[in-house]
Amino acid sequence: MAGVGGVRRKSPVSPSPLWGKLHTLWQDKYLLLFKTEYTLLVVSVLWFLEIGINVWVIQKVAYTEIDWKAYMDEVEGVINGTYDYTQLKGDTGPLVYPAGFVYIFTALYYITGHGVNIRLGQYIFAFFYLLTLLLVFRIYYHTKKVPPYVFFFVCCASYRIHSIFVLRLFNDPVAMMLLFAAVNLFIDGYWTLGCGLYSLAVSVKMNVLLFAPGLLFLLLSEFGLMKTIPKLSLCAGIQVVLGLPFLLENPVSYMSRAFDLGRQFMFKWTVNWRFLPEWLFLNRYFHLLLLAAHLLTLLLFAFRRWKRPGESIFELLKEPGKRKIPAQKSTVDQIVLILFTSNFIGMCFSRSLHYQFYVWYFHSLPYLLWSGGVKKLAHLLRVLILGLIELSWNTYPSTNSSSAALHVCHLIILLCLWLAPPLLSAAAETQEQKAVKDKRH
C-alpha cells in the first residue's frame, strides 16, 4: 500500500526468536541465575572458563609432591616384573590400590617419561578435570534440580578441588571420573555397560564402593534378584580379570592390600575427627560403632526413603512383572539421588577423611542440598553450608572447629534428605511436568 506522496512504507521487521530471548534475559537477569532452563547456557560458559583457570593454575601455582612419585615407584615395580603386592611400595608406603590403578598409572608412567614430566601429567589431569565437569554437568542438566548460579561453586570457586586434580595428581579424581561416567550410563538406561564402568572405577580406588548399596537397591528395583545377579557377576568378573596377574602370584597379599577395609589411618591427616582424642580415633570399637551407624542409616533410607510407599522391600527381589504393585522405571532423579545419598552416608560415618577425599562427594553436594525436604532452607543457607564445607576442607591442618563444622553440615544435609518428600514415579513426573506446562500457557 502506498503511503503519503506515493512512498511505499516498509513493514516493520519482526525480531528473531534468539534476539527476543537475549532481550528477555537482559531485562530479567535473575532468570539466568535461578531458572533451571538456563542450566546448559551457564555450564557451557563456566566449562570454557575452567579451561583458562586450569592453565593458569598449572602455570602460576607451584606443584606439590605428595603421592605422584610413590605412584610411579609402585607401578615401576610391576613394570619390572614384580606381581606380589607385599613387594610393591613407594615413598609413602606399600601399594594399597586395586589393579585398575596399576594399569592406568602405568600408562601415565610411560606418557610422562617414566613419571619425570610432571607438567605434562598436570595437563593430563586438567583434561580429567574438564571431562569430569562435563559428566557432572550432564547429570545436573538432566535432573534440573539445582539453580544455575550454584554451578559457579561446583567448579570455579573450589581451590581444594583444583589442587587435588592438577597440583597433587591423586588417583581419587580418576576413580570419580569413571564413576560419573557410569552414573551417566545409568540415567541413559545402559545398566550393564554402566556396571562395567562402575567396576572399573572401583578398580582404581575402593572408595567407589560407597555407592554400591544404592546401586544394588536400584538394580533390584529395576530388574529383580535373578536379573541383577549377572550384572553383579560382571562387576566381580572385571575385578578378577584385572587382578589376575597379582592373584596368580599371591592372592592373599593382593586381596588384603588392594581391598583392605580395616586399614588404619593416621590421626594427623584427619579432616573430620580432629576434635577427638587420638586414642579414641584409633580405637577399633569406635570404628565398629561408625560401621554400625553407617549400615543402620543405609537400611533406614532403603526401607523408609528409597522404596515406594506401600511396597515391601522384599518385593524388589521378585521380577518386576510379578510384583503386587506394578513396577515402574526409575526416574533420573531417583537414580541420582539414591546413588549420591548412598555415597554421602558413607562419608558421614567414615573412620577418617583426608584432604584428597573431598573429591569423593564434592560434585554431588549441591544436588543433595537442593533435594532436601526443608522448604525454609533458603538459597542463602544452602550456599552458606557449601561455603562452610569448603572452608572445613581448606583448613590445614584441620582444627577442632573445622572438623566439628563439617559434621554439623553433614548432619543438616542428612536430615534434609530424610525429610524430603518421596520422589515421583516416571509417570507421575511426566504428568506433573505437563500440568506445569499447561499452567504456563
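Which helix does Ser-199 lie in? Helix α10, residues 191–204. Helices here are DSSP runs of H or I with at least four residues, numbered from the N terminus, and strands are E runs of at least two.

Before I go on, the ground rules. This is a predicted model, where local features need pLDDT of at least 70, side-chain atom pairs count only at pLDDT 80 or more, and totals for chains, interfaces and linings use all residues. Residues are numbered from 1 along each chain as its sequence is written, and side-chain values use heavy atoms, with hydrogens and water left out.

Back to Ser-199. Ser-199 is buried, at 1% relative accessibility. Buried means under 20% relative accessible area, exposed means over 50%, and partly exposed is in between, with a 1.4 Å probe and protein chains only. Its side chain reaches the backbone oxygen of Cys-235 at 2.7 Å. A polar contact is a pair of N or O atoms within 3.5 Å; within protein, one must be able to donate a hydrogen and the other to accept it, and residues adjacent in sequence count only if both atoms are side-chain atoms.

Now the rings. Rings of Phe, Tyr and Trp (its six-membered ring) pair if their centres lie within 6.5 Å; planes under 30 degrees apart are stacked, over 60 edge-to-face, and the rest tilted. That rule gives 41 aromatic pairs. Take Phe-34 and Tyr-149. Their centres are 5.1 Å apart and their planes are at 55°, so this pair is tilted. The two are 115 residues apart: Phe-34 sits in helix α2 (residues 29–34), Tyr-149 in the loop between α6 (118–143) and α7 (151–154). Phe-34 is partly exposed at 39%. Tyr-149 is buried at 16%.

Next, Tyr-358 and Trp-393. Here the centres are 4.8 Å apart and the planes at 10°, so the pair is stacked. Tyr-358 is in the loop between α15 (332–348) and α16 (365–370), and Trp-393 is in helix α17 (residues 379–394), so the pair ties together parts 35 residues apart in sequence. Both are buried: Tyr-358 at 1%, Trp-393 at 0%.

There is also an aromatic cluster, and its members include Trp-68, Tyr-71, Tyr-97 and Phe-101.

Charges over rings come next. The test is NZ of Lys or CZ of Arg within 6 Å of the ring centre and within 35 degrees of the ring normal. Lys-144 puts its charged end over the ring of Tyr-141, 3.9 Å from the centre. Arg-274 lies over the face of Phe-267, at 4.9 Å.

Last, the cavities. How many of 30 Å³ or more does the structure hold? Two. On a 1 Å grid over the protein atoms alone, a cavity is a set of points where a 1.4 Å probe fits but cannot get out; lining residues have an atom within 4 Å of a point. Points are joined across faces, edges and corners, and volume is the space filled by probe spheres set on them.

The largest cavity has about 190 Å³ of space. It is lined by 16 residues, and those closest to its centre include Ser-221, Arg-308 and Gln-328. Helix α11 gives the most to this lining, with three residues. By class, the lining has six nonpolar, five polar and five charged residues. Nonpolar covers Ala, Val, Leu, Ile, Met, Phe, Trp, Tyr, Cys and Pro; charged covers Asp, Glu, Lys and Arg; the others, Gly among them, are polar.

The second largest cavity has about 30 Å³. Its lining has seven nonpolar, no polar and no charged residues.

Terms used: 1 Å grid on protein atoms, 1.4 Å probe; cavity = no way out; pocket = protein on both sides within 12 Å on 5 of 7 lines; lining within 4 Å.
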